[in-house]
Amino acid sequence: MDRPSQNFYGLPGLIEMPTAESLHDGDVALTTSRNGKTFRNTFTFQITPRLSGSFRYSLLYNYGNGVKPGGTLYDRSFDLRYRFVDEGDWNPAVAVGLRDFTGTGVYSSEYVVATKHVGSKFALTGGIGWGRLASRGGFENPLGLISNRFKTRPGGVSAGNVLSGRFFRGDAAFFGGIAYRPTERLILKLEYSSDAQVKETNVMGAPYNSPFNLSATYRLKNGVDLTAAYLYGGSLSFMLNYTFNPKHPKYPGGTEQAGPPVIPRDYAAAASWGRLPQTAPEEALSASAGKALAAEGLRLMSFSRDGDTVVLHIFNPRFDAVPEALGRAARGLTAVMPADIDRFVLVPVTETGMSMSAVTIRRGDLERLDHSLDQSWQSYGLARIDDAANRPVRWGDALPGNFPKLNYKFSGYLDPSYFDPDSPIRANLGVQAKATYALAPGFSISGSVRKKLAGTLQNYSRANDSVLPHVRTDSSLYDKHSHADIPYLTGDYFFRPGANLYGHVSAGLLETQYAGVATEVLWKPVASSWAFGVTMNYARKRDYDMLFGLRDYSTVTGHATAYYNFGGGYLGQISVGRYLAGDWGTTVSLDREFANGIRFGAFFTLTNVSSTDFGEGSFDKGIRFTIPLSWLSGQPSQNGFGQTIRPITRDGGATLNLRNRLYDIVRGNQDPDLQADWGKFWR
């Protein structure tokens, strides 16, 4: 079935009212709509086939912003919706939704809605709503039969709390409509809206002459929908929607050149590929293997031979899918290793040589599966994946050119800031240099220097009203006083304390606002979906120019964190501990990561700071996303673009922004991530 069209709130719906339809699993919808003095921008993600979440940023002109009457309100709101009945031959789909369940409550409403398709051209929708969706034609809440508390809906303005005390309370009202699709690309809709537009009419001066709305949507081939609507009998409105699915990359399979072929040992012309004789010394084998790996963009850190087995420590700076690097390395070795070598033990390592797993691949399996139809999954089943704690890169074993080694790059940077009530989007841009100097196995020095060329981040003018230590709310002072700065400069040590254990110590300028010492230990069995980590950090505030000076504020933070890979790309995380302002609490996050590396997630933090002391927003929460460059270009790359978006940044629940978190480094080199990406082993 084709995807449903969006309504003016950015959800699958009629025009302003919702439907029970769902986007395709994994769909991302970006919607912008304009209706008179209301400008809405919505990000919607179909988290599971039944559950979707939305973040909306609305500009309501002449609404009143809490500072002066008639000012513009920059409103942030979140939605959740769940389809609990699928459409059948006779029954409709049924969904329940919460709109603006945490925010100012401007759009606060709940609904239960049913949608039934009649043939391929018609869809009928009817529902019952509460809150704003009961402001016209309301009647006594039928849930009052369960409890009298459902008969009254609490009022007031929320400071960002979850509005659970209002859910499904107060009067209820019916809404509904019909969608007609005369052609593949044209969708016509008529709806009866139960939203009386009270504030828009009485304060903003929007016309309201009728509860009926009309719209026409034209669907383009590239995922874009263009909509024009006549709303409430007096307003011509427009909407643009773009929907895409991360499961469907722009370049299916990638555009990189194919990797090396498998060269069977008994191939008559094997010598033409430079295969060494069985009596070749280890130095010659190492040099030949290094050249084969370098041809694929991989770096050989150490090489050893034990009978019919060779062990290679490999640093992979190129491929975002580790199995692709392993597959190319293994196939490349078949062309150069002597015929009596039967096992390749490939040990992925970090830039400083910390080993993360040991993947054993039998040469005979590669030869036998080279032309098999299900070669990927057979090769995964035959590969052996072990912990590599007993296979470190030692100083004496490291090949020349690995330690010491300097890597650096120059680039531009864009540092954005969102949702300032006085300016929704501000940003700085400039140039930067980053470098890592690998001194010895496990030891490195990393740093970055940047120079701002232009920007508006320093234009923040609001007074800081936080009653907590200003651990994040004075970010604007760093923007005002820094011009050429050092975002980070640290000495780092990565090590393996024992089996299934990983360690990291970092000292120096940890991030843009804090210096100190950060420590982390992670427990992650090589084949486990579980991982546990502990961090302990001493942090001291940096001077506002982001150079080497320090301020008086210092604190100790630390967290115990449980990680779980649910499968299907769903990653969960719970952290408990002490935050930068000295508050104690818990952070919960859920992410969905697709096979091509695109990742979307959401998080929230609750601490012992009250909503009043926290200030606007009531508690820390946000969404985040990562888009890898490989998805955009089709070429393998470990680079990409990511952003964490918070509706408001306050001091409660604040953490250090540390680089090189161990779980993110380790998990891609172990199961279940290796299994999920093994389809690229033969790329």
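Predicted model: local features only at pLDDT ≥ 70, side-chain atom pairs only at ≥ 80, totals over all residues.
User: How many aromatic pairs does the structure hold?
Analyst: The structure holds 26 aromatic pairs. One of them joins Phe 45 and Phe 594 in an edge-to-face arrangement, with 6.2 Å from centre to centre and 75 degrees between the planes.

User: Where do Phe 45 and Phe 594 lie?
Analyst: Phe 45 belongs to strand β2 (residues 38-46), while Phe 594 is in the loop between β27 (584-593) and β28 (599-607), so this pair ties together parts that are 549 residues apart in sequence.

User: And are those two buried or exposed?
Analyst: Phe 45 and Phe 594 are both buried. Tyr 408 and Phe 410 also make an edge-to-face pair, at 6.0 Å centre to centre and 70 degrees between the planes, but Tyr 408 and Phe 410 are exposed.

User: OK, switching to sheets: what is the strand order in the open sheet with 5 strands?
Analyst: The order is β13-β14-β15-β16-β17, and the pairing is mixed. Because β13 (299-306) and β17 (384-386) stand at the edges with a single partner strand each, one side of each is left without a neighbour in the sheet.

User: How do β13 and β14 pair?
Analyst: β13 pairs with strand β14 (residues 309-315) in the antiparallel sense, over 7 bridges, and within this pairing Phe 303 has Leu 312 in β14 as its bridge partner.

User: Which helix packs on that sheet?
Analyst: Helix α3 (residues 322-334) does, touching β14, β15 (343-349) and β16 (358-362), and its direction makes about 140 degrees with that of β15.

User: New topic: how many salt bridges are there?
Analyst: The count comes to 37 salt bridges. Among them is the one between Glu 87 and Lys 116, at 3.4 Å from N to O. Glu 87 lies in the loop between β4 (73-85) and β5 (93-103) and Lys 116 in strand β6 (residues 109-118), so the pair ties together parts that are 29 residues apart in sequence.

User: Which residue forms a salt bridge with Arg 624?
Analyst: Asp 591 does, and the closest N and O atoms are 2.7 Å apart. This pair links distant parts of the chain, with Arg 624 in strand β29 (residues 620-628) and Asp 591 in strand β27, 33 residues apart.

User: How accessible is Arg 624, and how accessible is Asp 591?
Analyst: Arg 624 counts as partly exposed, at 25% relative accessibility, whereas Asp 591 is buried, with a relative accessible area of 3%.

Conventions
Residues numbered from 1 in each chain as written. Heavy atoms only, no water. Phe/Tyr/Trp six-rings, centres within 6.5 Å; stacked < 30°, edge-to-face > 60°. Helix = DSSP H or I, 4+ residues; strand = E, 2+ residues; numbered from the N terminus. Buried < 20%, exposed > 50% of the residue type's maximum accessible area, 1.4 Å probe, protein only. Pairing = 2+ DSSP bridges. Contact = heavy atoms within 4.5 Å. Axes fitted to C-alpha atoms, helices over the stretch in contact; angles between N-to-C directions. Salt bridge = Lys/Arg side-chain N within 4 Å of Asp/Glu carboxyl O.
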